[in-house]
Amino acid sequence: GGGQAPEEIKGHSFFRAIEWEKVENREEEPPFVPALKGRKDLAHFDTDFTAATTDLTPTDKLFMMNLDQTDFIGFSYLNPEFLTYA
């Protein structure tokens, strides 16, 4: 509930100066680029989020074995336990 369609948001007067096609084509320079100390620098994120613990959702092994894992090739992590090639 309560969500807005992307076109409705993009059409809001607040965003009137944005050339969305340039943004989508990565031709627009961002107005602000934060200084980072490294790839994993979290200084610009609230500690409420960075200090939160994570809980992995248990998965049904049969379900996982039937998923086409080749869709995930190119991601930074592939679960070798479930990786199968057609």
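Modeller: Helices are DSSP runs of H or I with at least four residues, and strands are runs of E with at least two. On that basis the elements of the protein chain, from the N terminus on, run α-α-α-α. The model is a predicted one.

Biologist: How many helices and how many strands does the protein chain have?

Modeller: The protein chain has four helices and zero strands. Lysine 10 is found in helix H1, residues 6-10, and tryptophan 20 lies in helix H2, residues 20-24.

Biologist: What makes phenylalanine 14 and phenylalanine 15 an aromatic pair, and why is the pair called edge-to-face?

Modeller: A pair of aromatic rings is described by the distance of the centres and the angle of the planes. The search of the whole structure finds two aromatic pairs. In the pair of phenylalanine 14 and phenylalanine 15, the centres are 5.0 Å apart and the planes stand at 90°. Rings pair if their centres lie within 6.5 Å, and planes over 60 degrees apart count as edge-to-face; therefore both terms apply to this pair.

Biologist: What makes phenylalanine 15 and tryptophan 20 an edge-to-face pair?

Modeller: Phenylalanine 15 and tryptophan 20 have a centre-to-centre distance of 5.9 Å, with 65° between the planes. The distance is within 6.5 Å and the angle is over 60 degrees, so the pair is edge-to-face.

Biologist: Why is phenylalanine 14 called exposed, and why is phenylalanine 15 called partly exposed?

Modeller: Exposed means over 50% relative accessible area, buried means under 20%, and partly exposed lies in between. Phenylalanine 14 has 65% relative accessibility and therefore counts as exposed. Phenylalanine 15, at 24%, counts as partly exposed. Tryptophan 20 has 27% and so also counts as partly exposed. Of the 86 residues of the protein chain, 6% count as buried.

Biologist: How do you know that lysine 10 makes a polar contact with glutamate 24?

Modeller: The side chains of lysine 10 and glutamate 24 come to 2.9 Å. A polar contact requires N or O atoms within 3.5 Å, so the term applies. Not counting residues up to four places away in sequence, lysine 10 touches Phe15, Trp20 and Glu24.

Biologist: Why is aspartate 41 said to have no salt bridge?

Modeller: Aspartate 41 lies in the loop between H2 and H3. The nearest side chain of opposite charge, lysine 37, is 5.9 Å away from this buried residue. The side chain of aspartate 41 does reach the backbone nitrogen of alanine 43 at 2.9 Å.

Biologist: Where is arginine 26 placed, and why is arginine 26 called exposed?

Modeller: Arginine 26 is in the loop between H2 and helix H3 (47-50). The relative accessible area of arginine 26 is 78%, and exposed means over 50%, so arginine 26 is exposed. Phi of arginine 26 is near 60°, a positive value in a residue other than glycine.

How values were computed. Residues are numbered from 1 along each chain as its sequence is written. This is a predicted model: local features need pLDDT of at least 70, side-chain atom pairs count only at pLDDT 80 or more; totals for chains, interfaces and linings use all residues. Side-chain values use heavy atoms; hydrogens and water are left out. A polar contact is a pair of N or O atoms within 3.5 Å; within protein, one must be able to donate a hydrogen and the other to accept it, and residues adjacent in sequence count only if both atoms are side-chain atoms. Contact means heavy atoms within 4.5 Å. Rings of Phe, Tyr and Trp (its six-membered ring) pair if their centres lie within 6.5 Å; planes under 30 degrees apart count as stacked, over 60 as edge-to-face and the rest as tilted. Buried means under 20% relative accessible area, exposed over 50%, partly exposed in between (1.4 Å probe, protein chains only). Lys and Arg count as positive and Asp and Glu as negative; His and the chain ends are not counted. A salt bridge is a side-chain nitrogen of Lys or Arg within 4 Å of a carboxyl oxygen of Asp or Glu.
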